[in-house]
Amino acid sequence: MISVTEAQQLIIQKAKLLDTFTLNLEDAFGYFLAEDLTAPINLPSFRQSAMDGYAFIHTDKTELKVVGQVQAGDTQIPDLKKGEAIRIFTGAPVPDAADTVVIQEHTTRNGDQLILDKLPNKEANVRPIGEQITAGTYVLKTGHQINEASLGFMAGLGFTKIEVYRKPSVTILTTGNELQKPGTPLKPNHIYESNGIMLKSALGRIGITKVQNLKAQDTLEATKKAVKNALQQSDVLLVSGGISVGDYDFVQEALLSNGVKEHFYKVNQKPGKPLWFGTSEEKSIFGLPGNPASSLTAFYVYVLPHLRSRMGSLLPFLNERKAELTEDITNKIEKTLFLKAGVADTKITAYTGQASSMLNTYALSNALLVVPETETDLKAGDVVNYMDLSF
Ligand code: AMP
Ligand code: MG
């Protein structure tokens, strides 16, 4: 059995980058850049007024003569001499001779006479060429996750297409004879299947939408066949259930017999000890515990960073933060604990109801409190690490 740290290292080591493709900027939100971008133009590319006011050549005089005006987008720019002013608006080109813009709130205007009530410093309110970015310099690097700000930034530089890493297609294979699709009254001794929808929406949160749900009964043949299909159809296979040591747990055997190479099986943690990870050429395969809370925790701690890494992220793990415990926690089992928890105002509380079958507490959690395997007694007031589930 390996430690949480070793397992986390392995899922990153074995994460092969997906291939790259060219994408229109408007479709690129959430993707990771697969190229280093340099600015094709200066930003701004001409001397721009930062305010509405008057452009002039800096002087100690407090009275100027208004001789023209320039608006944003104008291509004819009026000239001016010392002692003169040009009415100007935000975003408009500053006349070549002018070096300063006084904001209109600091002036009094009578016809073409302009009184400067407050003299600005030389060069005030003029955005010089390249103030934000100079042409030819790096603007965004490989691994940057494209967000609304970077989209606006790239559009401002004139980009229409960029190179990004592909997102994976995923099959979620749920195993279990007892599983029943919600929508009909429960048959005796059956349960409603819940991991499929949960994992699918968790994938959606990291921008993965090519997801199909398959199911298999608990026989070796059915499991092998379903695994084979899934491996043909997707980049990533998440199998739910059937990975423990029960007589009807066939997932490990089905994966191995389909040529999947095992990288680890079982992690020294609670919940989710029976976690399996392997690869087959370009494909990644996780055998997730069937218990819903274990399955989701394994997703956050291992599947999510592995997939983000394959999609080009340089910071694939969920953010780890610190908060103060509100209650004591003991950990006598020498395993890393991931506890469903709530954080508010820098304080963290592990919820009552940590069993791996329980999603009621998970539904209210915004944090996974991490108790290292070496930590036996935590006291109220101790500062602990948690993984932030608000991502
Ligand atoms: P297993 O890992 O297959 O031994 O399943 C462990 C527990 O999780 C059992 O109680 C299963 O009934 C339950 N379980 C397995 N798969 C699912 C699923 N897809 N949805 C909800 N519960 C499940
Ligand atoms: Mg099962």
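**Reading the model**

Modeller: A backbone N or O atom of Asn195 lies 3.4 Å from a nitrogen atom of ligand 1. This is a polar contact, that is, a pair of N or O atoms within 3.5 Å; within protein, one must be able to donate a hydrogen and the other to accept it, and residues adjacent in sequence count only if both atoms are side-chain atoms. The model is predicted: local features need pLDDT of at least 70, side-chain atom pairs count only at pLDDT 80 or more, and totals for chains, interfaces and linings use all residues. Residues are numbered from 1 along each chain as its sequence is written, chains are lettered from A and ligands numbered from 1 in the order in which they are written, and side-chain values use heavy atoms, with hydrogens and water left out.

Biologist: Which residues have a backbone atom 3.0 Å or 3.2 Å from an oxygen atom of ligand 1?

Modeller: A polar backbone atom of Gly290 is 3.0 Å from an oxygen atom of the ligand. For Asn291, a backbone N or O atom is 3.2 Å from an oxygen atom of ligand 1. On its own, ligand 1 has 480 Å² of accessible area, and the protein covers 78% of this. Such areas come from the Shrake-Rupley method with a 1.4 Å probe; for residues, only the protein chains shown count as cover.

Biologist: Which elements give two or more residues to the shell around ligand 1?

Modeller: They are strand S13 (170–175) and strand S15 (191–192). Helices (H or I, at least four residues) and strands (E, at least two) are DSSP runs, numbered from the N terminus. There are 17 residues around the ligand, and Glu178, Glu193, Ser194, Gly242 and Gly290 come nearest; a residue is counted as near if one of its heavy atoms lies within 4 Å. The shell divides into four nonpolar, 10 polar and three charged residues. Here Ala, Val, Leu, Ile, Met, Phe, Trp, Tyr, Cys and Pro count as nonpolar, Asp, Glu, Lys and Arg as charged, and the others, Gly among them, as polar.

Biologist: How is a nonpolar core to be read, and which residues of the largest one touch the most other members?

Modeller: In soluble globular proteins, nonpolar side chains tend to be buried together. A core is a set of buried Ala, Val, Leu, Ile, Met, Phe, Trp, Tyr and Cys residues joined through side-chain atoms within 4.5 Å. Buried means under 20% relative accessible area, exposed over 50%, and partly exposed in between (1.4 Å probe, protein chains only). The largest core has 43 residues, of which Leu203, Leu238, Phe299 and Tyr302 touch the most other members. Elements that each supply at least two residues include helix H1 (4–13), helix H3 (195–205) and helix H6 (292–310). H6 gives the largest share, 10 residues.

Biologist: What is Phe299 in contact with, beyond its neighbours within four places in sequence?

Modeller: With those neighbours left aside, Phe299 is in contact (heavy atoms within 4.5 Å) with Leu199, Ala202, Leu203, Ile206, Leu304 and Pro305. In H3, the buried residues are Asn195, Gly196, Met198, Leu199, Ala202 and Leu203, and their cover includes S13, strand S16 (211–216) and H6.

Biologist: Where does the backbone call for a closer look?

Modeller: Most residues other than glycine have a negative phi, and most peptide bonds are trans. A cis bond joins Leu43 and Pro44, with omega about -10°, and another joins Lys270 and Pro271, with omega about 0°. Phi is positive in Glu334, near 55°, and in Asp345, about 50°. Glu334 counts as exposed because its relative accessible area is 60%; Asp345 is exposed at 70%.

Biologist: Is Arg127 buried or exposed, or does it fall in between?

Modeller: Arg127, in strand S10 (residues 126–127), counts as partly exposed because its relative accessibility is 28%. Its side chain forms a polar contact of 2.7 Å with that of Gln48. Leaving aside neighbours within four places in sequence, the residues in contact with Arg127 include Pro44, Phe46 and Thr90.
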